[in-house]
Structure formats: C-alpha cells, structure tokens
Amino acid sequence: MVVGADALTDVEMAAFANWTNLSETTFLLQPKAAHADYRVRIFTPVRELPFAGHPTLGSCHVWLACGGKFSGSEIVQECEAGLIRIRQDKDRLSFAAPQLRRSGPLEPEILTQVINGLHLAPDMVIDANWVDNGPGWLALLLRSKDDVLALRPDFSVVSGLRVGVVAPWNPGKDGRDADFEVRAFTAAGFEDPVTGSLNAGIAQWLIGSGIAPSAYVASQGTVLGRAGRVHVEQVGDEIWIGGNVATCIEGSVTL
C-alpha cells in the first residue's frame, strides 16, 4: 500500500507494482467521487485490477491507520469497479460484495481445460460457475475438503485463467472451525493464500443457489501453511466479506 500516491503516473504505479512483485500493490489517492472517503488503484506485477478483496480491506486499514475519518456506519472506497462499502467491527473489516460482472455455467471447453489442469476426474466436480467481480474468477465446487487440499494444478494447462475451488467441510471429520475450504489459482501461475474477491464471488454463487447458508466461514491457504479465515454474511440482499486486518510491515521508499 503506497500512501499519498496522487502524483504518481500510471507508468510509475505499474513499474513499482512490478518491482514489489507482490500479488497486488495498491495506491491510496484522493477520491474523485463525491461520496467516497478515499480512492485506491490496484496493480498486480503485470496489470491493473478494477477490484480485489484483500487489497480493499488492507487499503482501508491503512487509510484508517493514517487518520482517515468517516461519517455514518460505513467507509466508502472508490476504485475502478465503482464505490465499495466497507464496515468496521474492531479489528475486522468487511466489504459489500460488488455485483458479478460475469456469472453462469462455464463453457464446456473451459470446464474441460480446468478439469485437465487440476487433474480431476469429471465426476469429482459437482458444479462450476463464473464468479467474476473484476479479476476474472471462475469456480469449481468439489465434494470434500480433502479433494480440494489434494489438488496439484498444472499451471501451464490453466494459463490465463483465474481458478477458484471450493468444497464443504464435514463437521464430524474436519471440525467446526470453518464451513468451506477454498483455494485460488491465479492466472500468473501461483496459488493465492487468501482471496477476498474470489470468496465474494463464491459466496454470491453458493448462497444464491442455496448450497451455502446465509453466514459461514471459509478456510483458505491451508496448503501454503496459512490459516486464512474469511467471514461471509448475507444481510438483506447484500453479501459482506470480512476478515481481521493487521499491519505487518511499514516503511518508506523513494520513487
């Protein structure tokens, strides 16, 4: 997160994000929209994203830590995807899931590509859907947590796709610390440890189709040694995606 980035050009932002080589690098700017508290731009090492969940909560955390003040019960973030509403509850921040840009069943050829890339038998896939709210996510629903954790993707086969995989936990076997297991395989060829945008899209799909309850916890990052927990809650017609946020590293650089 780069604070006070208004003077940076698009080229400079992209170059810095490429240099950090992080999943996403964000830039905090003055808002343009009348009702926004701040504006953020989100870059991967290779391109700009209109929206991403993890950077949304992290950027909001930094904005608050820098003295950001908001009126009412919600913070309003402006990004390329529009205005994103955020709620604060102690150390937990939650964002209202943006509308899906693309939903519905996967095209047969793409489903086949993903199944091959994940080394799955076709009957292991219960369902598959586009869950794209900006980055381009699609998602597969598998039968069990073990099926999800056993995946060893061939990124050369799924190149160019952002693939999410989800399956329910079995409370008797897996415990009650979470309700679903999620993994996220990026188009850049690596696994993302915790992914707000993917979980937002999955929640809209699973809750909307009656597969998931109106409130649940998703586990993510297990294979990478992370104990990520994403809190999902439907409030009225909206789905909120949240997690605890903390500052890990801070410093300064000269651009």
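**Reading the pockets**

Analyst: The second largest pocket holds about 290 Å³ of space. This is a predicted model, where local features need pLDDT of at least 70, side-chain atom pairs count only at pLDDT 80 or more, and totals for chains, interfaces and linings use all residues. Residues are numbered from 1 along each chain as its sequence is written, and side-chain values use heavy atoms, without hydrogens and water.

User: What counts as a pocket, and which residues lie closest to the centre of this one?

Analyst: On a 1 Å grid over the protein atoms alone, a pocket is an open set of points where a 1.4 Å probe fits, with protein on both sides within 12 Å along at least five of seven lines; lining residues have an atom within 4 Å of a point. Here 24 residues line the second largest pocket, and Ser23, Thr44, Arg162, Thr186 and Phe190 are the closest to its centre.

User: Where does the second largest pocket lie?

Analyst: Domain bounds come from an automatic or database domain assignment. The second largest pocket lies between domain 1 (10-89) and domain 2 (102-242), because both give residues to its lining.

User: Which helix gives the most to that lining?

Analyst: Helices are DSSP runs (H or I, at least four residues), numbered from the N terminus. Helix 2 gives the most to the lining of the second largest pocket, with three residues.

User: What volume does the largest pocket have?

Analyst: A volume is the space filled by probe spheres set on the points, joined across faces, edges and corners. For the largest pocket that is about 1,700 Å³. Its lining has 45 residues, with Met1, Leu22, Gly58, Cys248 and Ile249 nearest its centre. Helix 2 again gives the most, with nine residues.

Conventions:
Helix = DSSP H or I, 4+ residues; strand = E, 2+ residues; numbered from the N terminus.
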